[in-house]
Amino acid sequence: MRTVTFEGKPLHLEGELPVLNTQAPSFTLTATDLSEKRLRDYLGNVLVLASVPSIDTPVCDLEGRHFNDEASKLSDQVRIAVVSCDTPFAQARWCGTAGIKNIVTLSDYKEHDFGRHYGVLIQELKLLARAVFVIDKNGILTYCQLVPEITQQPDYAPVLEAIRKAL
């Protein structure tokens, strides 16, 4: 079984990471307005899915803000979503407090559908591991970065390069 660590302690992940250069797995997530969002809603755009354990933690907050800043510099054909198991209400509150305007938050709180299909659901916590996925305009997964220690931010440079290549 695959693992990540939290402050050095191993945590087990459910499912498998999706295979690069294949159709990205479908998912159903909940937006802050409680509508359902699926992969097909983003086809035609490059989609970045940044999974985080909880938007209310310092590292996740920094990551969300970083992606929000980067999104303002990217093509309007790029959509960035921060995905967590936080409720849509908590995500909306965070967006308002943090002044988030360029990305969306999506919740996997109901069925953990995304976490299982993308192999990032932490078995012990039922939270998502920190990872970044880039999906091209045709729904093909072109990049995946699973962060081994969830208290650390992802390496943003290769994510941004993958976004540029996917355009």
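Q: Quick one on Arg 93: what is its relative accessible area, and is it buried, exposed or partly exposed?
A: This is a predicted model. In it, Arg 93 has a relative accessible area of 43%, so it is partly exposed.

Q: Which residue does Arg 93 form a salt bridge with?
A: Asp 56. The closest N and O atoms are 2.5 Å apart.

Q: Glu 63 and Arg 130: buried or exposed?
A: Both are buried.

Q: What does that pair tie together?
A: Glu 63 lies in helix H1, and Arg 130 lies in the loop between strand E9 (127-128) and E10. The pair therefore ties together parts that are 67 residues apart in sequence.

Q: What about Arg 2, which residue is its partner?
A: Glu 16. Their closest N and O atoms are 3.8 Å apart. Arg 2 lies in the segment before strand E1 (3-6) and Glu 16 in the loop between E2 and E3, so this bridge ties together parts 14 residues apart in sequence.

Q: And how accessible are those two?
A: Arg 2 is at 22% relative accessibility, so it counts as partly exposed. Glu 16 is at 57%, so it counts as exposed.

Q: Which residues are linked in a network of salt bridges?
A: Glu 14, Arg 116 and Lys 126.

Q: Switching to the inside. How many residues are in the largest nonpolar core, and which touch the most other members?
A: The core has 27 residues. Phe 27, Leu 49, Phe 114, Tyr 118, Val 120, Phe 133 and Ile 135 touch the most other members.

Q: Which elements give two or more residues to it?
A: Strands E2 (9-14), E3 (28-31), E5 (46-51), E6 (78-84), E8 (121-122) and E10 (131-135). The largest share, three residues, comes from E10.

Q: Which other core lies apart from it?
A: One of 26 residues. Among them are Ala 50, Val 132, Tyr 143 and Val 159.

Q: Back to Val 120. What does it touch, leaving out residues up to four places away in sequence?
A: Its contacts include Leu 13, Leu 17, Phe 114, Leu 127, Phe 133 and Leu 146. Val 120 also touches Glu 14 and Ser 51.

Q: Now the outside. Which residues form a nonpolar patch on the surface?
A: Leu 34, Phe 89 and Tyr 109. Together they have about 300 Å² of accessible area.

Q: Where is Tyr 109?
A: In the loop between strand E7 (104-107) and helix H3 (113-117). Tyr 109 counts as partly exposed, at 31% relative accessibility.

Q: Last bit, the overall fold. How many helices and strands?
A: Four helices and eleven strands. The radius of gyration is 14 Å, close to the 15 Å that the globule rule gives for 167 residues, so the chain is as compact as a globular protein of that length.

Q: What share of the residues is buried?
A: Buried residues make up 51% of the 167.

Q: And what is the accessible surface of the chain?
A: About 7700 Å², with 52% of that belonging to carbon and sulfur atoms.

Conventions. Residues numbered from 1 in each chain as written. Predicted model: local features only at pLDDT ≥ 70, side-chain atom pairs only at ≥ 80, totals over all residues. Heavy atoms only, no water. Core = buried A, V, L, I, M, F, W, Y, C linked by side-chain atoms within 4.5 Å. Buried < 20%, exposed > 50% of the residue type's maximum accessible area, 1.4 Å probe, protein only. Contact = heavy atoms within 4.5 Å. Salt bridge = Lys/Arg side-chain N within 4 Å of Asp/Glu carboxyl O. Patch = residues over 30% accessible without salt bridge, like charges linked within 9 Å, V, L, I, M, F, W, Y side chains within 5 Å. Areas by Shrake-Rupley, 256 points an atom, 1.4 Å probe, with all protein chains shown as cover. Rg over C-alpha atoms; globule rule 2.2 N^0.38 Å.
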